[in-house]
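Subject: Structure handover

Hello,

Here is the structure for you to look at. Please open it first, then read the notes below with the model beside you.

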Amino acid sequence: MAGLNVRSVLVTGSNRGIGLELVKQLLGKSNPPQWVFATCRDPEGARGQELRNLVSKHPNLVIVKLDAVNPASIEEATRRVEEQLDGSGLNLVINNAGIFSDVSLATVDSEEMLGAYKTNVVGPMLVGQAFLPLLKKAAQGSSQKGLSCSKAAIVNISSVLGSIERVPETFFKPVISYRCSKAALNMLTRCQALSYAEDGILCAAVHPGWVQTDMGTQKADLPVDESVRGILTVLPTLSEKHSGSFWSWAGETIPW
Ligand code: NDP
């Protein structure tokens, strides 16, 4: 984890679950980022309490309101982050916010499908577009050669359920809207990687494992701290040859 030398990082959906743990572990590093932008939908409300508790101990933590399905909210968050960075770029954006519904082909409807796409694909696309100028600035200001998560990167938290090749193994849970939206997020990741490589920005998709969160439930395999330790160990190992690829929290590549 010592390898991830980011000066600034932004995490979406960081008020609970994997996003909150990402923020906690980034702040707890021996070389923590100068700025951790923890974004969530409702920083002032009850759901933002855990983040607010961290602020007094960590002056490098900035809580920013960001609703991933609301373009105006994303634009406002961009302005807030830009102001705080005061002329510097943003090194790392982690698109973590996501939603899940246990629906099959027999029960899914268009509203459910479109809702999953809006949060799980359109959100990360808009966040990537909005923060692109700050990511480019980080890449331009870096003396590092090649691509890396420490220099400038977009990491999309995906799911193995979005792997088309793995469907035969994972279809015991159909979750149609979720797996289709994560497959689309994987495609977005690949397109972002090709589009943004010339700007010096690495893009990758990461599966966090089946994790004990509200979404994963307590029946899941992995405690959230273990998953996030794994993710933060994988990120510094990624370079330009890995941009546009799909990784598990344990450092294995996952087929599309
Ligand atoms: P949780 O349900 O525990 O947390 C989801 C987070 O996303 C919450 O902070 C929630 O905010 C936020 N969120 C949802 N919609 C929006 C939105 N429109 N704008 C901003 N934030 C939003 O999920 P996990 O922590 O388990 O999951 C995090 C990511 O990991 C997701 O992308 C998920 O698909 C992925 N993942 C999780 C797995 C697991 O087993 N847990 C397995 C594979 C992938 P709020 O509190 O406001 O609702």
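Before the first helix, some terms. Contact means heavy atoms within 4.5 Å. Axes are lines fitted to C-alpha atoms, for helices over the stretch in contact, and angles run from 0 to 180 degrees between N-to-C directions. Helices (H or I, at least four residues) and strands (E, at least two) are DSSP runs, numbered from the N terminus.

With those terms, take helix α4, residues 110-140. Helix α4 lies across β1 (8-11), β4 and β5. The helix runs at about 175 degrees to β4.

Two notes on the source. This is a predicted model, so local features need pLDDT of at least 70 and side-chain atom pairs count only at pLDDT 80 or more, while totals for chains, interfaces and linings use all residues. Residues are numbered from 1 along each chain as its sequence is written, and side-chain values use heavy atoms, with hydrogens and water left out.

**The sheet**

Which order do the strands take? The open sheet has 7 strands, in the order β3-β2-β1-β4-β5-β6-β7. The pairing is parallel. Two strands pair if DSSP finds at least two bridges between them. The edge strands are β3 (61-65) and β7 (245-248), and each pairs on one side only. On average, neighbouring strands are turned by 20 degrees against each other, direction ignored.

Now look at one pair. β4 (residues 92-95) and β5 (residues 153-157) are joined over 4 bridges, in the parallel sense. Asn95 stands opposite Asn156 in β5.

**The enclosed helix**

Buried means under 20% relative accessible area, exposed over 50%, and partly exposed in between (1.4 Å probe, protein chains only). Helix α1 covers residues 17-27. Of its 11 residues, 9 are buried, so the helix is largely enclosed by the rest of the structure. Among the buried ones are Ile18, Leu22 and Leu26. The cover includes β1, β2 (35-40), α2 (49-55), β3, β4 and α7.

**The ligand**

How many residues surround the ligand?

- Asn15: a side-chain N or O atom is 2.6 Å from a ligand oxygen.
- Arg47: a polar side-chain atom lies 2.8 Å from a ligand oxygen.
- Lys182: a side-chain N or O atom is 3.0 Å from a ligand oxygen.

On its own, the ligand has 900 Å² of accessible area, and the protein covers 96% of that. Accessible areas come from the Shrake-Rupley method with a 1.4 Å probe; for residues, only the protein chains shown count as cover.

**Single residues**

Is Ser227 buried or exposed? Ser227 is buried, with a relative accessible area of 0%. Ser227 lies in helix α7. A polar atom of its side chain lies 2.7 Å from the backbone oxygen of Pro208. Leaving aside neighbours within four places in sequence, Ser227 is in contact with Pro208, Val211, Leu222 and Trp249.

Asp86 has a phi near 50 degrees, a positive value in a residue other than glycine. Asp86 sits in the loop between α3 (71-85) and β4. At 67% relative accessibility, Asp86 counts as exposed.

Best wishes

Definitions and conventions:
Polar contact = N/O pair within 3.5 Å; in protein donor to acceptor, adjacent residues only side chain to side chain.
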